[in-house]
Amino acid sequence: MKKRRGLLFVGLVFLCISLVLAASNALAKEKYVTVLALGDYTGAVAALAAPALLGMEDGIKEINSQGGVKGVKIKMIAIDTRYDVARNISAYKKHRRDHKLIQVIMVCTGAQRALTPIMTRDKVIICPPPDGKSAAHPGWTFLWGPAYQDCFGATLEWLLKDWKAKGKSGKPKVGYLSWDNPYGKSALEGSVEYSKTLPLELLPLEFFPTGTLSHDIWLNRLAKAGADYIYVGGVDPTPTNVIRDAYKLGLTKKIQFMTDYWGPTQPVGVRQHAKELEGSITTSFYLKGTEAQKNPLASRLWTKWRKKPMDKMNGIYLVGLGMYKFLEGAMAKALDRYGYEKLDGKAMYWAYTQITGLERGGIAGPCTYSETERRGSQEVKTYRVKNRELVPITGWVKAPDCVRMHKWD
Amino acid sequence: MNRKKVLDAVLAGLFVLTLVLGCATTGSKAPPPTLTITPAKTVLSPILIKKSPLQFSGTGFVPKEIVVIDLLLPPGVKVKGANADEREIGIATAYADEKGAFSTKMQPLATLNWFFQVDFTPKGPDFKSIKPLPPRAYTIRALGMDSDRVCTAILEFVKPPKKK
């Protein structure tokens, strides 16, 4: 009896080992690369990061459902970093040796700055929000779109046309009000220099701490200085809250409020404060509002993978779709040249510099990555809040290259 | 010797080995790394957010490398934002100096995120939503980014004293 039990035990062990080996063999045979997404799903800037990461995730699901890029699938590892630098760094440490890790998407500027030297050494592509410093020093960082300073420069150009269209004379006075952090300051590196070449007066810059409840002090100061236009930074709902405060102070009647890429979105700010935001404008490198919801690529993937009505889709979802199209295009190039065995970060680096002009279903301007360019595109559109919607008031316009106007260290 | 005794002996051996390897280098002759947590035993209270954050210090890492401080989650303890299969959460980082020593404080956002598990609203952290980690002993690990040198220490959250 004891002998039979022993034999049965040995047999079971062999069976388990065989199953494990078979499973690992199957995994080894599947061709795939790894993409690490470090972003906020629940944290402080989830309003920006979560929709973008969902877009990326759905794009990857779409690729994989069609058999991958030239037969190579993409494994996306998503980590909720809650805007915490330590969590980002720890997650990268954990996954840096994962099978064919070719790209890391990250939203935390502090973590990006700490990890860039290591990722560069590891030869991994870094895809962060458009902080112009990385465009000034082309390396392994490929930005989502035109840099923040380019966005401010494009908005200055728009306001000059608006000023003229309104038949006003003299120089318009422009206020700048944003978060007191690296993001708030980075939009000025080059755009301030550009503003000096334009017929306008840039008022003393104003910054407020993140999490500020009332923005009256800064708004009153800019109003007192005679602002005709105020450019508001921050991730929605911050810009919405600033304009809400301006409305309460009666400033929206005489001052034109403007925001950047992360300004009011239709499902968040515009819906909650439609009356206060009416007439404000936002500059964007991706489609926004109803136009975003009507985009065929966005509506197909959103309804297929999220199974939710289109009015629930945040326009920032398209930022993720833009990244997935870049990844798909670059992987195809890299596979053509290097094949799967040699597909690594270095191959992807080369490929990213070769997808200049890539179209992405009309969700953003054509790709501008090249051997010397790290901005994903250089075109922006302007939208106005009108009757609870974000309505386009311009077509795609080339943003000025403010990054090159700054004297970098 | 019966089978149970053999099994006990093997388990005891493994336990001793784990203790010995608690702080280890990977094949180098360098002295084993150290990790000190200050305070190592505390009540999980808001004072840790800004006024007296936890401090981590250590030695024995490679000069200039990043040292990652991880909270190793015990079985059954979940943290907001962690995937179901994640057992380690980065809670602090530091750069080792020329001698391979480091010292760092836990940042307020990390304390809010991982110890208090706070939710965020458009206006900032929502303190009504806090869900502090349960009082117990937690293993904290210091890990060299490039060297893979590793050391662990215990952080104990104790129950707050009962109000009289």
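Predicted model: local features only at pLDDT ≥ 70, side-chain atom pairs only at ≥ 80, totals over all residues.

Colleague: Fine. How is chain A divided?

Modeller: Chain A is divided into domain 1, residues 31-146 plus 294-377, and domain 2, residues 148-284 plus 381-405. Their C-alpha centres lie 28 Å apart.

Colleague: How many residues of each domain are in contact with the other?

Modeller: 16 residues of domain 1 of chain A are in contact with 20 residues of domain 2 of chain A.

Colleague: Which helices supply at least two residues on the domain 1 side?

Modeller: α2 (46-65) and α5 (133-136) of chain A each do that. α5(A) gives the most, with 3 residues. By class, that side of domain 1 of chain A has 8 nonpolar, 5 polar and 3 charged residues.

Colleague: Stay with α2 of chain A. At what angle does it cross α14?

Modeller: Roughly 85°, and the axes of α2(A) and α14(A), residues 296-306, come within 10 Å. Angles from 65 to 115 degrees count as roughly perpendicular, so α2(A) and α14(A) are roughly perpendicular to each other.

Colleague: Which residues make that contact?

Modeller: From α2(A) they are A:D58, A:G59, A:K61 and A:E62, and from α14(A) they are A:L301, A:W305 and A:R306. The classes are 2 nonpolar, 1 polar and 4 charged.

Colleague: What about A:L48, is it buried or exposed?

Modeller: A:L48, in helix α2 of chain A, counts as buried because it has 23 C-beta neighbours inside 10 Å; the cut-off is 20 or more. Leaving aside neighbours within four places in sequence, A:L48 is in contact with A:V107, A:V235, A:W262 and A:I316.

Colleague: And where is A:G250 relative to A:L48?

Modeller: The two are 202 residues apart along the chain, and their C-alpha atoms are separated by 29 Å.

Colleague: New topic. How do α15 and α16 of chain A pack?

Modeller: Helix α15 (317-338) and helix α16 (345-352) of chain A pack at about 115°, with axes 8 Å apart. The crossing of α15(A) past α16(A) is right-handed.

Colleague: Which residues meet there?

Modeller: A:A330, A:K333, A:A334 and A:Y338 of α15(A) meet A:A347, A:M348, A:W350, A:A351 and A:Y352 of α16(A). That contact has 8 nonpolar residues, no polar ones and 1 charged.

Colleague: How many residues of α16(A) are buried?

Modeller: 6 of its 8 residues are, so the helix is mostly covered. The buried ones are A:G345, A:A347, A:M348, A:Y349, A:A351 and A:Y352.

Colleague: What do those pack against?

Modeller: The buried residues of α16(A) pack against β3 (101-106), β4 (125-127) and α15 of chain A.

Colleague: Now chain B. What is its secondary structure?

Modeller: Chain B has 2 helices and 10 strands. From the N terminus on, the order is α-β-β-β-β-β-β-α-β-β-β-β. Buried residues make up 30% of its 164 residues. Among its contacts between residues at least 6 apart in sequence, 63% join residues at least 24 apart.

Colleague: How many residues of chain B are in contact with chain A?

Modeller: 21 residues of chain B are in contact with 22 residues of chain A. On the chain B side, β4 (66-72), β5 (88-95) and α2 (108-115) each supply at least two residues. The largest share, 6 residues, comes from β5(B). That side of chain B divides into 12 nonpolar, 5 polar and 4 charged residues.

Colleague: Which residues have the positive phi values?

Modeller: B:Q117 is one of them, with phi near 50°, in the loop between α2 and β7 (119-121) of chain B. Another is B:D148, at about 65°, in the loop between β9 (137-144) and β10 (150-158) of chain B.

Colleague: How many C-beta neighbours do they have?

Modeller: B:Q117 has 19 inside 10 Å and counts as partly exposed. B:D148 has 14 inside 10 Å and also counts as partly exposed.

Technical notes
Residues numbered from 1 in each chain as written. Chains lettered and ligands numbered in written order. Domains from an automatic or database assignment. Contact = placed C-beta atoms within 7 Å. Helix = DSSP H or I, 4+ residues; strand = E, 2+ residues; numbered from the N terminus. Nonpolar A, V, L, I, M, F, W, Y, C, P; charged D, E, K, R; others polar. Axes fitted to C-alpha atoms, helices over the stretch in contact; angles between N-to-C directions. Left-handed = near helix turned anticlockwise from the far one by under 90°. Buried ≥ 20, exposed ≤ 12 C-beta atoms within 10 Å, placed from the backbone. Parallel < 35°, antiparallel > 145°, perpendicular 65-115°, else oblique.
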